[in-house]
Amino acid sequence: MQRSSRDPDETRQRLERWLDSALGGESSPKVSELAGTDANGMSSDTMLFRATWTGDDGAHDEQLVARVAPDAHDVPVFPTYDMQGQFDAIRAVSDLTDAPVPRTWWCETSAEPMGAPFFVMSRVDGVVPPDVMPYTFGDNWLFDASPEQQRRLQTTTVEAIAMLHDISDPAPRFSYLERSAPGDSHLRRHVANTRAWYDMVARDGAASPLVVRGFEWLEANWPAQESPTVLSWGDSRIGNVLYDDFAPAALLDWEMVGLGPAELDIAWIIYAHHVFQTLAGMLGLPGMPDFLTAADVATQYESLRGYAVRDLRFYLVYSAIQWGIVFLRTGQRQAHFEGHEIPSDPEEMLHNRPHLESLLADLDGI
């Protein structure tokens, strides 16, 4: 799906002018080989480019990536994009853990140079499990891998998530990631922020009574005791990881980073796979039913951190609700770029509708 309406040549020129201003002196920067990406994700614009310049430390010839907040006219997935917060979180993860993240270079918070705030990081080589068509459909490197290789990918990814959660004093250390929505706990504020996100999508013509029922279910089944707060990657699915030899080479896509219980990330990686596994089953394909199961992921995570996962069903339902909102919004984006109307029943865009309905009816598990 088309993700951006930005003109590539104009973007290259603007990026080169900005780099000249940022580096200053006699740096003589040049930007070339600018291209978008066919990789997963439909939120921030991702621009791959080569940059050369001369600095105090000598000549540079770098393969870089710019993550640019989407243009307001391109139906952004999220209401806001905190590019500085993402940049600072990635840099902190690099400084404080062994979790693999790209090297960060610069962050520009002004919209003037490129039309929107952005940050620049190093390009990392690797492969990503495909979203289109979903890796569970077959005919791709992950589906065709051996059970041992698939297990290695699962294990090393959960290990990387555990590294993020092991960062000490996350609330004060990452206070800049705190949600502004009302609530007396990180989880309350997280859910309130998600509800505000849904309200934006509904106002733009994609209301879903099923998603609203989901929020009501959350309130009626709220955990009696919320788990300790960690740094939550937020979009912790394998489609947001570059892999090398079936182990993470870089954790990508930090738009949803924040503070909250560890179960947010644990449930998300489980449910993200379940969505693709369900789609495969709907088409009569075998998929990967033994991969990223709830029991395996929770057990492995518990063994890594000595932490008992709590209320996983609550967080799986919450993940399903958020995926529903993503489907509604990306459906709106698709309609915008392809020039057609959204369905008269917006819930036709909920690709996880049957499963969300069964979860709320307590008929189905994961």
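**Serine 122 and the chain around it**

Serine 122 counts as buried because its relative accessibility is 14%, where buried means under 20% relative accessible area, exposed over 50% and partly exposed in between (1.4 Å probe, protein chains only). The model is predicted: local features need pLDDT of at least 70, side-chain atom pairs count only at pLDDT 80 or more, and totals for chains, interfaces and linings use all residues. Residues are numbered from 1 along each chain as its sequence is written, and side-chain values use heavy atoms, with hydrogens and water left out.

**Surroundings of serine 122**
- Serine 122 lies in strand 5, residues 118–122 (strands are DSSP runs of E, at least two residues; helices are runs of H or I, at least four; both are numbered from the N terminus).
- Beyond its neighbours within four places in sequence, serine 122 touches Gln63, Leu64, Val65, Pro102, Arg103 and Trp105, contact meaning heavy atoms within 4.5 Å.

**Fold of the chain**
- The protein chain holds 10 helices and 9 strands.
- Its radius of gyration is 21 Å, close to the 21 Å from the globule rule for 366 residues, so the chain is as compact as a globular protein of that length (taken over C-alpha atoms; the rule is 2.2 Å times the number of residues to the power 0.38).
- The C-alpha atoms fill a box of roughly 65 × 50 × 45 Å along the principal axes.

**Burial and contacts**
- Of the 366 residues in the protein chain, 54% are buried.
- Among contacts with a separation of 6 or more, 70% join residues 24 or more positions apart.
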